[in-house]
Amino acid sequence: MYTNSIEVLEVAPRDGLQNEKTAIGTPDKLALIDRAIAAGARRIEVTSFVNPRAVPQMADADAVAAGLPDRDDVTYIGLVMNQRGAERALATGRIDQLGAVAVATDTFAMANQNQTSDGSVYAARAIIAAAQGAGRTGQVTIAAAFGCPFEGEVAEARVLAMAAALAQAGPVEIALADTIGVANPAHVGRLVAQVRDLIAPIPVRVHFHNTRGTGLANVWAAIAAGATTVDAAIGGLGGCPFAPGASGNVSTEDVVYMLERAGIATGLDLGALIDTNHWLGALMDRTLPGMVARAPRFPKLS
Ligand code: ZN
């Protein structure tokens, strides 16, 4: 292992909720953000500034931004797909960091943001520049880095070329996302190690969906290969409206349980995360996918 501590980036308020059928109101989103902060989250993807017709669950992005707690120690991320989204996010004055998305294949890039893959790289570089111009920071996620819902296998060389082009814009990090949950730990270890070497000293973040049960194994492989930040969603909520069959993110509780038990510090409070899973499940009237919150506590509380 390269490290004894890992940053967990909470994505439940955005990736977690964007694909939900149940409409979640702005006050409940803000309560979720409060709970994440209370559990120790210090970087949170709070919303996305996208076309509300395309993603209705994110139509209240401005209201969420306006309601964010005033915390100097928390970095709030707004996901944006284009210059207009960047301008909206920056105009709120409450978003600390813009998250851009570059998609590894043309077909998915067209479905997700009506651009070619190369077009999404140019757009992401412009978004990072807009954030920097406004005195904020920018980062970028390479979506479908391990497989595409439309084109199938994605060549590692394609992801490496994108990472090299994106690194030139000076993002605070580059993330590799398994948007549709098809990655395996060997692939993850190989690709994370190559991207890490290519973009150093820019760090590598990872984003996994547990669609086929490989999420936690992929987290472990990514950390072993040098990733420094892991995206996770409380409850294991999540999915992409533009990727057929996409399901939940790795759950924050499950990631924290695995890492803390393995001696890798996350700064997060597992009990508070489990409580939030139960609160969120009650709000959505269903049992959430995360597993640790459904199991007996171990070790037992004294
Ligand atoms: Zn995702």
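Analyst: Let's start with a term: a nonpolar core is a set of buried Ala, Val, Leu, Ile, Met, Phe, Trp, Tyr and Cys residues joined through side-chain atoms within 4.5 Å. Buried means under 20% relative accessible area, exposed over 50%, and partly exposed in between, using a 1.4 Å probe and protein chains only. What you have here is a predicted model, where local features need pLDDT of at least 70 and side-chain atom pairs count only at pLDDT 80 or more, while totals for chains, interfaces and linings use all residues. Residues are numbered from 1 along each chain as its sequence is written, and side-chain values use heavy atoms, with hydrogens and water left out.

User: Which residues of the largest nonpolar core touch the most other members?

Analyst: In soluble globular proteins, nonpolar side chains tend to be buried together. In this model the largest nonpolar core has 104 residues, and Ile33, Ile142, Leu166, Leu176 and Val192 touch the most other members. Take Val192: leaving out residues up to four places away in sequence, its contacts (heavy atoms within 4.5 Å) include Leu176, Val204, Val206 and Ala222.

User: How do I read helix packing, and at what angle do H7 and H8 pack?

Analyst: Helices here are DSSP runs of H or I with at least four residues, strands are E runs of at least two, and both are numbered from the N terminus. Axes are lines fitted to C-alpha atoms, for helices over the stretch in contact, and angles run from 0 to 180 degrees between N-to-C directions. Helix H7 (residues 156-167) packs on helix H8 (residues 185-199) at about 30°, with their axes 10 Å apart. H7 and H8 are therefore roughly parallel; the cut-offs are under 35 degrees for roughly parallel, over 145 for roughly antiparallel, 65 to 115 for roughly perpendicular, and oblique for the rest.

User: Which residues in H7 and H8 meet?

Analyst: From H7, they are Glu156, Val159, Leu160, Ala163, Ala164 and Ala167; from H8, they are His187, Arg190, Leu191, Gln194, Val195, Leu198 and Ile199. That contact of H7 with H8 has 9 nonpolar, 2 polar and 2 charged residues. For those classes, Ala, Val, Leu, Ile, Met, Phe, Trp, Tyr, Cys and Pro count as nonpolar, Asp, Glu, Lys and Arg as charged, and the others, Gly among them, as polar.

User: At what angle do the axes of H10 and H11 cross?

Analyst: The axes of H10 and helix H11 (residues 270-284) cross at roughly 160° and come within 9 Å. That makes H10 roughly antiparallel to H11. H10 brings Thr252, Glu253, Val256 and Tyr257 to the contact, and H11 brings Leu270, Leu273, Ile274 and Asn277. By class, this H10 and H11 contact has 5 nonpolar, 2 polar and 1 charged residues.

User: Is serine 251 buried or exposed?

Analyst: Serine 251 is buried, at 4% relative accessible area. You'll find Ser251 in the loop between strand S8 (229-232) and helix H10 (252-261). Apart from residues up to four places away in sequence, Ser251 touches Ala232, Ala233, Gly235, Gly236 and Gly290.

User: What about phi of asparagine 114?

Analyst: Phi of Asn114 is near 55°, a positive value in a residue other than glycine. Asn114 lies in the loop between helix H5 (106-113) and H6, and counts as exposed at 60% relative accessibility. Aspartate 285 also has a positive phi, near 60°. Asp285 is in the segment after H11 and is exposed, at 70% relative accessible area.
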